[in-house]
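My entries follow in the order I checked them.

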Amino acid sequence: MSLRKIPSLQAACRMIRHRSLLEGLLALSEAHGKAFWLAWPGFRALVAAGPHAARTVLLEERGRFRSRIEGDPVVRLFRHGLLVTDGDLHEALRREIEPFLRGPGLARWVPRILHRTDERISRWVVGDRVDLLEELRLLTLGVLMESLFNLSIEEAHLPPLARMLKAAVAYISPGLWLLWKNGPRRIDTAALDHLDRQIDQWIQDRRRESRRGEDLLSHWTRCEWMDDALIRDQLITLLIAGHDTVTAWLAWTLALLLTHPAEMEQVQAEIRRVVGDRPPTFEDLRRLPLLDAAARESMRLYPPIPVLNRIASASTSLEGLAIPSGVRVMIPIYALHRRSDRWEEAHCFRPERFRNPAAKPSGGFDYLPFGGGPRFCVGASFAWMEGRIILIRILQRARMEPAFRERAARLGATLEPRDGVPVKICELRDP
Ligand code: HEM
């Protein structure tokens, strides 16, 4: 496939025809193979479209690309949060965070996750309609606050916190600002200021506590090199990156299972066989291949973070295309996950593809729901554990009917089901 610069008009036409930026990127990736230019008035980026190009940017030549894109709302919000720092600071922050989010120690959080999930289910009433997207948002937020930061938020206080975080998520979501840097924007500054004050309060309270726990927030307050500002940046980064992604993933997984009854039946039968009615344990998670396959396939179709962004830190080249210093490079995860030259029936929900060893992802850069290289999602193990415990518990205790037919994706900071996941609660079992 020849590599050539795509004229801006042609790219724009494709985006409009597919009525989706992501479908447009997919169409362009399939047409132009490994890498291509997107050029619109006010916006220019090189798209690392193929797995080889993605591997080069994320792993092999990562030193040539930075994550911090000065001036982007993401940097303005997270300031020096792990997601948007590079070099020594990034490595130092990652060393402080990583040990808390992986390994067998994750098992200690299972009871809290179950408790929170049971608590949320206890609010559902047979015959009622609930929006699973919003339910999962409150649930994953509560889990994150309690497990990582030992901040026990009463259920009643979760919705106001979720609203503040939604304002922050709206602020960093892609929009017109990408093309028109200084154009007018509606920003809920009151909510953002309130969120900052709340976070500062949590940090001050924790510093005052004489007996601090073994959680991340307490750990940061013990780190002499981390001041309040740097702790604030990590806290807000993890709060948003750690709940919005898991919410989107679980909402899609349940939406897909509810609209694919045969796959739902297989997963439920596996849960009945392996776990039965008792609460799931950390060890159970090793024995549920059908659930795992459905959860992986959901992330293939709807990767919560559908595009990664980098900036070339010096003049370089990719797949034969010269990249001037300072240019944006995009890795279109959504498009990589749906390329027809890699995935059979790429747009269909086929969990069995993750059960067939020949068809499983090769560990290459064609399946990247958690990114790749040294910036691989720091919360991946935590999310993978937390998400499956929540799924098992919901599927054990609630029988639901979808109150929707199909869901389109909405591209915000994460890729969520547009208009939520409304379901009717048909039956509830006691814990
Ligand atoms: C299904 C759930 C999740 C998905 C799909 C996901 C996806 C990703 C992806 C694709 C990246 C790479 C970003 C890049 O290279 O620019 C990333 C990084 C990151 N994720 Fe996640 N994530 C999830 C859950 C979590 C959780 C639970 C946390 C925290 C508790 C978290 C915290 C982070 C942080 C801090 C980074 C930046 C890491 C770095 O730059 O070193 N994520 N995530």
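**Metal site.** I needed a cut-off before anything else: a donor is an N, O or S atom within 2.8 Å of the metal, and water is not among the atoms, so sites may look incomplete. I also kept in mind that this is a predicted model.

Which protein atom is the donor to the iron atom of the ligand? I found a single one, the SG of Cys377, 2.3 Å away. I then looked up where Cys377 sits. It lies in the loop between α14 (333-337) and α15 (380-397).

Is Arg342 buried, partly exposed or exposed? Its relative accessibility is 27%. Buried needs under 20% and exposed needs over 50%, with partly exposed in between, so Arg342 counts as partly exposed.

I checked what the side chain of Arg342 touches. It makes a polar contact of 2.5 Å with the side chain of Asp366. Arg342 and Asp366 are 24 residues apart along the chain, and I read 7.9 Å between their C-alpha atoms.

**The open sheet.** Next I traced strand order. I got an open sheet of five strands, β1-β2-β8-β5-β3, with mixed pairing. The edge strands are β1 and β3 (65-66), each pairing on one side only. As a reminder to myself, strands of a sheet pair through backbone hydrogen bonds, either parallel or antiparallel.

I took β2 (residues 43-48) as my way in. How many of its six residues are buried? Five are, and I noted the strand as mostly covered.

On one side I followed β2 to β1 (residues 35-40). These two run antiparallel and are joined by six bridges. β1 and β2 form a hairpin with two residues between them. In that turn, Gly42 has a positive phi of about 85°.

I then followed β2 to β8 (residues 328-331). Here the pairing is parallel, over three bridges. Leu46 has Val329 in β8 as its bridge partner.

**Helix α2.** I turned to α2 (residues 21-32), which has 12 residues. Its first and last C-alpha atoms are 16 Å apart, close to the 16 Å expected at 1.5 Å a residue.

What caps the N-terminal end of α2? Ser20 does: I found a side-chain oxygen 3.1 Å from the backbone nitrogen of Leu22.

Burial came next. Nine of the 12 residues of α2 are buried, so by that count the helix is mostly covered. Among them I listed Leu22, Leu25, Leu26 and Leu28, but also Glu23, Ser29 and His32.

**Whole chain.** The protein chain has 15 helices and 12 strands. Its radius of gyration is 22 Å, close to the 22 Å that the globule rule gives for 431 residues, so the chain is as compact as a globular protein of that length. Along the principal axes, I noted that the C-alpha atoms fill a box of roughly 60 × 55 × 40 Å.

What share of the 431 residues is buried? I read 55%.

Terms used:
Residues are numbered from 1 along each chain as its sequence is written. This is a predicted model: local features need pLDDT of at least 70, side-chain atom pairs count only at pLDDT 80 or more; totals for chains, interfaces and linings use all residues. Side-chain values use heavy atoms; hydrogens and water are left out. Donors are N, O and S atoms within 2.8 Å of the metal (3.2 Å for Na, K and Ca); water is not among the atoms, so sites may look incomplete. Helices (H or I, at least four residues) and strands (E, at least two) are DSSP runs, numbered from the N terminus. Buried means under 20% relative accessible area, exposed over 50%, partly exposed in between (1.4 Å probe, protein chains only). A polar contact is a pair of N or O atoms within 3.5 Å; within protein, one must be able to donate a hydrogen and the other to accept it, and residues adjacent in sequence count only if both atoms are side-chain atoms. Two strands pair if DSSP finds at least two bridges between them. The expected span of a helix is 1.5 Å times one less than its number of residues. The radius of gyration is taken over C-alpha atoms; the globule rule is 2.2 Å times the number of residues to the power 0.38.
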